[in-house]
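Hi,

Here is the structure I promised to pass on. Have a look at it first, and then read my notes below.

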Amino acid sequence: MKTLKWLIMATTMITTNTDIAGQPDYDGMIRAAIQAPSGHNAQPWKFHVDSSSIEIVPDFSKSLPVVDENHREMYISLGCAVENLCLAAKEKGYQPSPTIQQKDDTTFSILVGLTKEQVEPDPLFQAIETRQTNRDEYNSRMIDPDTISMVREVEEQEGTRFYMYPRGSNMYQTLSEYIYRGNAIQMQDKAFKKELLSWIRFNQKQIKETRDGLTHEAMGTPATPGFLGKMIVGMFLKPDKQNKTDRKKLESSSHLVLFTTKNNTPREWINLGRTLERFLLKTTTLGIANAYMNPPCEVNVLAEELRESITENKEYPTLLLRIGYADPMPYSPRRAVDSVIVD
Ligand SMILES: Cc1cc2nc3c(=O)[nH]c(=O)nc-3n(C[C@H](O)[C@H](O)[C@H](O)COP(=O)(O)O)c2cc1C
């Protein structure tokens, strides 16, 4: 039944595509780009469309000042969107050439040049519509070594790496302990919880109005009036409660995947987003679910400790995922394509 529901939802997403007047070739590319994941589903991107290029720029009005004060996760999200855009360009017979541009001290954009020519489509494109973040408990089945080798082949963009640790390994245990410590810190941080609650969409009305954020469905909770939802979820944002649920999730997952950058720069964060998106699409094609366990990378003191003691060559721990097998969850909404295109 769950699978049928998921198929209907995926089909609906594909068939509701519409074109942007005057730019038929670029419509689908931007639609694919905005299917990318983003922190809190804030969708922190805007697009400038030109005759032979699309530029992706950060939308700082959608930034997350508490959990992402230096915009690292924002630039990772932009990198994910770039990768989707490039895959869609190839699908439509355009050769994409993405270049990162520095606008000022903290602002970077990505200009994707598009040349109409004979290009080989990339099969990962097909997974864009079905990729999702799956926060459910998984079914405990381990991913076999042959499948892990296939995932290992995902290309790592410059300055980025990823490492996979199976459940039962020392690193899985060590990283799990870092997750619990990270939860303990974040769940006592009033500003963190306030920001998180402001992005939760507790019912259909809120989802329809905003078309962004963390929906109650994607989090596996029932719909409630906003005030009640805030109260109930607020009660669960406690260190012991969060660690209890995360323990079950970690016990049911197959691997933890740590993504690192060499120098912790915005260019590398964008590159990491590209590596991440290809990783997510590849695992999606293999029927593998994923969810984020980021506290050890988001809490600076823990990230620094991890870097000193764990990562190879003192790389920066930047993102942590769990992967495994699970039934699909409901999809998260996206804003309309024309609302993210600017002059
Ligand atoms: C850089 C980045 C950080 C994220 N951090 C978290 C996180 O800490 N916890 C979480 O549950 N999801 C996290 N997510 C997943 C987003 O919440 C998710 O992508 C968004 O809600 C849209 O849903 P979708 O991925 O199913 O399309 C993150 C995604 C990105 C790209």
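By class, how many nonpolar, polar and charged residues does the shell around the ligand have? The shell has 6 nonpolar, 9 polar and 2 charged residues. For the classes, Ala, Val, Leu, Ile, Met, Phe, Trp, Tyr, Cys and Pro count as nonpolar, Asp, Glu, Lys and Arg as charged, and the others, Gly among them, as polar.

Two things to know before you go on. This is a predicted model, where local features need pLDDT of at least 70 and side-chain atom pairs count only at pLDDT 80 or more, while totals for chains, interfaces and linings use all residues. Residues are numbered from 1 along each chain as its sequence is written.

Back to the ligand. There are 17 residues around the ligand, and Pro37, Asn41, Thr133, Tyr292 and Ser332 come nearest. A residue is near a molecule if its C-beta atom, placed from the backbone, lies within 6 Å of it. Both α3 (72-91) and β9 (289-292) supply at least two residues of that shell, and α3 gives the most, with 4 residues. The element names stand for DSSP runs numbered from the N terminus: helices are H or I with at least four residues, strands are E with at least two.

Now the domains. The protein is divided into domain 1 (2-131) and domain 2 (145-324), with bounds that come from an automatic or database domain assignment. Both domains give residues to the shell around the ligand, so the shell lies between them. Their C-alpha centres lie 21 Å apart. Across the divide, 26 residues of domain 1 are in contact with 25 residues of domain 2, where contact means that the C-beta atoms, placed from the backbone, lie within 7 Å. On the domain 1 side, α3 and β4 are the elements that give two or more residues, and the largest share, 10 residues, comes from α3. That side of domain 1 divides into 16 nonpolar, 7 polar and 3 charged residues.

Next, a sheet to trace on screen. Its 5 strands form an open sheet in the order β3-β4-β2-β1-β11, with mixed pairing. The edge strands, β3 (94-102) and β11 (341-342), each pair on one side only. Two strands pair if DSSP finds at least two bridges between them. Between β3 and β4 (residues 108-116) there are 9 bridges in the antiparallel sense, and Ser97 stands opposite Gly113 in β4. The helix α3 turns up here too: α3 lies across β1 (45-49), β2 (53-58), β3 and β4, and runs at about 160 degrees to β3. Such angles run from 0 to 180 degrees between N-to-C directions, and the axes are lines fitted to C-alpha atoms, for helices over the stretch in contact.

Then there is β10 (residues 316-324). 9 of its 9 residues are buried, so β10 is largely enclosed by the rest of the structure. Buried means 20 or more other C-beta atoms within 10 Å of a residue's own, exposed means 12 or fewer, and partly exposed is in between, with C-beta atoms placed from the backbone. Strand β8 (residues 255-261) pairs with β10 in the antiparallel sense over 7 bridges, with Thr261 opposite Tyr316.

Last, find Ile207 in helix α7 (residues 204-210). Ile207 counts as partly exposed because it has 19 C-beta neighbours inside 10 Å.

Cheers

Key. Contact = placed C-beta atoms within 7 Å.
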